[in-house]
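Please keep the sequence and the 3D view at hand.

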Amino acid sequence: MGLEHIRPDGLVNYSSYTQVVAATGTRTIYISGQVSWDGDGVIVGKGDFAAQAMKAYENLGVALAAAGATPADVAKTTVYIVNYEPSMGRAQYAAHKALFGGTTSPASTLIGVQALAAPEFMIEVEAIAVLD
């Protein structure tokens, strides 16, 4: 794999993300923000943040697989959460862990936003993966 996960001394280290990821692969894959749509464009989990988070991460896994990548190939994620409150972190982390499991987590940024593309969406997750 073309990713080196670096946990620098002097920076806090969480299990849910890595502070620095260096990529040396030959193919970069950019995954658009994934939301809680099912394959027919129906929103899964209207009003239920945990359900929407699980579906968004599930969709991220489907998108990665379509490009020949796995969660272990992800160098960076960006997570957008509408009206973010710290209490939402547990559900978001559970969805993250369901996809990334025991692999070393990617570098990650979580951004609280006012709204997403549709008023029903509560979370969107995008990723960059690198393959050898």
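Which backbone oxygen lies 3.0 Å from a polar atom of the side chain of Q34? It is the backbone oxygen of S32. The model is a predicted one, and this distance is computed from its atoms. Q34 belongs to strand β3, which covers residues 27-34. Its relative accessibility is 18%, so Q34 counts as buried, the cut-off for that label being under 20%. Leaving out residues up to four places away in sequence, Q34 touches A56, N59, L60, A63, I123, E124 and V125.

One of those contacts, I123, leads on to the strands. I123 is itself in contact with a list of residues beyond its neighbours within four places in sequence, including Q34, V35, F49, A56, Y57, V79, I81 and L116. Strand β6 spans residues 123-131, and seven of its nine residues are buried, which leaves the strand mostly covered. β6 pairs with β3 in the antiparallel sense over six bridges; in one of the pairings between strands, T28 has V130 in β6 as its bridge partner. β6 also runs antiparallel to β4, to which it is joined by seven bridges. Here T78 stands opposite E126 in β6.

Next come the nonpolar residues. In soluble globular proteins, nonpolar side chains tend to be buried together. The largest nonpolar core in this model has 23 residues, and the ones with the most contacts inside it are I29, I31, Y57, L60, L64, I123 and V125. At least two residues of this core come from each of β3, α1, β4 (74-82), α2 (89-100) and β6. The largest share, seven residues, is supplied by α1. Another core lies apart from this one; it has seven residues, among them I43, V113, A118 and F121.

F121 also takes part in an aromatic pair. A pair of aromatic rings is described by the distance of the centres and the angle of the planes. The structure holds one such pair. W37 and F121 form it, with 5.2 Å centre to centre and 80° between the planes, an edge-to-face arrangement. The pair links distant parts of the chain, 84 residues apart: W37 is in the loop between β3 and α1 (49-66), and F121 is in the loop between β5 (107-113) and β6. How do the two partners differ in accessibility? W37 has 42% relative accessibility and therefore counts as partly exposed, whereas F121, at 2%, counts as buried.

Note on methods. Residues numbered from 1 in each chain as written. Predicted model: local features only at pLDDT ≥ 70, side-chain atom pairs only at ≥ 80, totals over all residues. Heavy atoms only, no water. Helix = DSSP H or I, 4+ residues; strand = E, 2+ residues; numbered from the N terminus. Buried < 20%, exposed > 50% of the residue type's maximum accessible area, 1.4 Å probe, protein only. Polar contact = N/O pair within 3.5 Å; in protein donor to acceptor, adjacent residues only side chain to side chain. Contact = heavy atoms within 4.5 Å. Phe/Tyr/Trp six-rings, centres within 6.5 Å; stacked < 30°, edge-to-face > 60°. Core = buried A, V, L, I, M, F, W, Y, C linked by side-chain atoms within 4.5 Å. Pairing = 2+ DSSP bridges.
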